[in-house]
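Let's take a friendly walk through a protein model. Keep the structure in view as you read, and look for each residue when it comes up.

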Amino acid sequence: MRFIVFLFLIIFSANATEILVSDKNIRYQEILDYDNLSISTTEKRVRCEMFDKNNLLNTTYQAKHYILKGKPICIKDVQVVKKNKIRYDFGNIVIERNGKVIGENKKYIRVKNIDGTIDKIYKNGQLK
């Protein structure tokens, strides 16, 4: 009887597929954290190429879309982080930060940060 149970467990574990899943929900363009990802086994068929967790040690990746907790993370779901640096010289103040310039007029510059928030930087250096 033990042999049959043991054989049954071996057959099911042989058919299982290892997948990379997240321990929490990952928002759009959120940077992936090595500690929040874990490897799990499933018997369901996964129809994509799995993302390798060891790639996070060399480069930083971000999510292309919202990924639910416990869902497999594929290569098509992540992308390498694009670093957009902006630098403005307001005369006596030089500002350099990560972000993308959305618009500019006589009074201020609108900058979109990596997390999606938008800041106004006035020409005199104020941040409102």
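Please keep in mind that the model is predicted.

**Charged pairs**

Side chains of opposite charge can pair when their charged atoms come close.

| Pair | Closest N and O atoms |
|---|---|
| Lys24 and Glu30 | 2.7 Å |
| Arg27 and Glu30 | 3.6 Å |
| Arg97 and Asp119 | 2.8 Å |

Let's begin with Arg97 and Asp119, which form a salt bridge. This pair links distant parts of the chain: Arg97 sits in strand 6 (residues 94-98) and Asp119 in strand 9, 22 residues apart. Asp119 is buried, with a relative accessible area of 18%, while Arg97 counts as partly exposed at 22%.

Elsewhere, salt bridges that share partners join Lys24, Arg27 and Glu30 into one network. Glu30 takes part in a salt bridge with Lys24 and in another with Arg27. Is Glu30 buried or exposed? Glu30 counts as buried, because its relative accessibility is 15% and the cut-off for buried is under 20%. Lys24 is partly exposed at 32%, and Arg27 is exposed, with a relative accessible area of 55%.

**A lysine without a salt bridge**

Now find Lys53 in the loop between strand 2 (37-42) and strand 3 (61-63). Lys53 is buried, yet has no salt bridge. What lies 2.8 Å from a polar atom of the Lys53 side chain? That is the backbone oxygen of Leu37. Leaving aside residues up to four places away in sequence, Lys53 touches Leu20, Tyr34, Leu37 and Ser38.

Our last stop is an open sheet, where three strands lie in the order 7-8-9 with antiparallel pairing. Strand 7 (100-104) and strand 9 (118-122) stand at the edges with a single partner strand each, so one side of each has no neighbour in the sheet. On average, neighbouring strands here are turned by 30 degrees against each other, direction ignored.

A hairpin of three residues connects strand 7 to strand 8, and four bridges join these two strands. One of the residues to look for is Glu104, whose bridge partner in strand 8 is Ile109. Strand 8 (residues 108-112) is joined to strand 9 by five bridges, and Tyr108 stands opposite Tyr122 in strand 9.

Notes: Residues numbered from 1 in each chain as written. Predicted model: local features only at pLDDT ≥ 70, side-chain atom pairs only at ≥ 80, totals over all residues. Heavy atoms only, no water. Buried < 20%, exposed > 50% of the residue type's maximum accessible area, 1.4 Å probe, protein only. Lys, Arg positive; Asp, Glu negative; His and termini not counted. Salt bridge = Lys/Arg side-chain N within 4 Å of Asp/Glu carboxyl O. Polar contact = N/O pair within 3.5 Å; in protein donor to acceptor, adjacent residues only side chain to side chain. Contact = heavy atoms within 4.5 Å. Pairing = 2+ DSSP bridges. Axes fitted to C-alpha atoms, helices over the stretch in contact; angles between N-to-C directions.
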